[in-house]
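Biologist: I would like a close look at one part of this protein. Please take me through it step by step.

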Amino acid sequence: MDIDARGPRFGAAVTTVVLAVVLITSSWVLLAWQALCFAVGAVAGVQRSPYGLLFRAAVRPRLGPPMEVESPAPPRFAQGVGLVFALVGLVGYGWGPEWLGMAATGCALAAAFLNAAFSYCLGCEMYLLLRRATA
């Protein structure tokens with residue numbers, strides 16, 4: 001079943017804010033929350049992630065019907081990629097070196113920002129490239 005394409009973009013906007021705060025504060029707790037959100041999105045699907053549930057409950061009812069839907073597989077894969085970067089960031093912030101935490105968080109932030117601002121999902125593009133390469 002296809003999903004409303006605005007949902008993952010909303011999640012990316014929230015993720016952008018969360019990761020920016022992580023970079024400013026070096027908060028491993030907030031990064032752990034984001035890692036949990038990525039994990040739920042990767043395992044259960046973006047529509048069941050905390051930000052997906054927030055979108056469905058609070059944002060989508062205020063919008064018109066979706067003009068664009070997409071397969072849930074590419075955003076789900078992108079959540080897995082985000083999870084990897086968040087986990088590497090947690091290692092950096094938790095055990096050092098701190099620059100590793102900052103670099104991994106910065107990479108995840110850049111990808112989330114591209115999705116939120118320009119609707120360009122790097123993880124989704126990686127998914128499509130891998131599908132083509134293995135077909």
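Biologist: To get my bearings, in what order do the elements of the protein chain run from the N terminus on? Then please look closely at Asp-4: which salt bridges does Asp-4 form?

Modeller: Keep in mind that this is a predicted model. Start with the order. From the N terminus on, the elements run β-α-α-α-β-α-α-α. That gives the protein chain 6 helices and 2 strands. The radius of gyration is 15 Å, close to the 14 Å that the globule rule gives for 135 residues, so the chain is as compact as a globular protein of that length. Along its principal axes, the C-alpha trace spans about 45 × 40 × 25 Å.

Now to Asp-4. A search of the whole structure finds 2 salt bridges. One of them pairs Asp-4 with Arg-6, and their closest N and O atoms are 2.8 Å apart. Asp-4 also meets Arg-60 in a salt bridge, at 2.8 Å from N to O. This second pair links distant parts of the chain. Asp-4 sits in strand β1, which covers residues 3–4. Arg-60 lies in the loop between α3 (50–59) and β2 (69–70). Shared partners join Asp-4, Arg-6 and Arg-60 into one network.

How covered is each member? Asp-4 has 11% relative accessibility, so Asp-4 counts as buried; the cut-off for buried is under 20%. Arg-6 reaches 28% and therefore counts as partly exposed. Arg-60, at 33%, is partly exposed too.

Step back to the whole chain. Of its 135 residues, 35% count as buried. Take the contacts between residues at least 6 apart in sequence: 71% of these join residues at least 24 apart.

Finally, turn to the surface. The protein chain exposes about 7700 Å², and carbon and sulfur atoms supply 71% of that area. One nonpolar patch on the surface is formed by Phe-113, Phe-118, Tyr-120 and Leu-122. Together these residues have about 410 Å² of accessible area. Phe-113 belongs to helix α5, residues 98–118. With 42% relative accessibility, Phe-113 counts as partly exposed.

Note on methods:
Residues numbered from 1 in each chain as written. Predicted model: local features only at pLDDT ≥ 70, side-chain atom pairs only at ≥ 80, totals over all residues. Heavy atoms only, no water. Salt bridge = Lys/Arg side-chain N within 4 Å of Asp/Glu carboxyl O. Buried < 20%, exposed > 50% of the residue type's maximum accessible area, 1.4 Å probe, protein only. Helix = DSSP H or I, 4+ residues; strand = E, 2+ residues; numbered from the N terminus. Patch = residues over 30% accessible without salt bridge, like charges linked within 9 Å, V, L, I, M, F, W, Y side chains within 5 Å. Areas by Shrake-Rupley, 256 points an atom, 1.4 Å probe, with all protein chains shown as cover. Rg over C-alpha atoms; globule rule 2.2 N^0.38 Å. Contact = heavy atoms within 4.5 Å.
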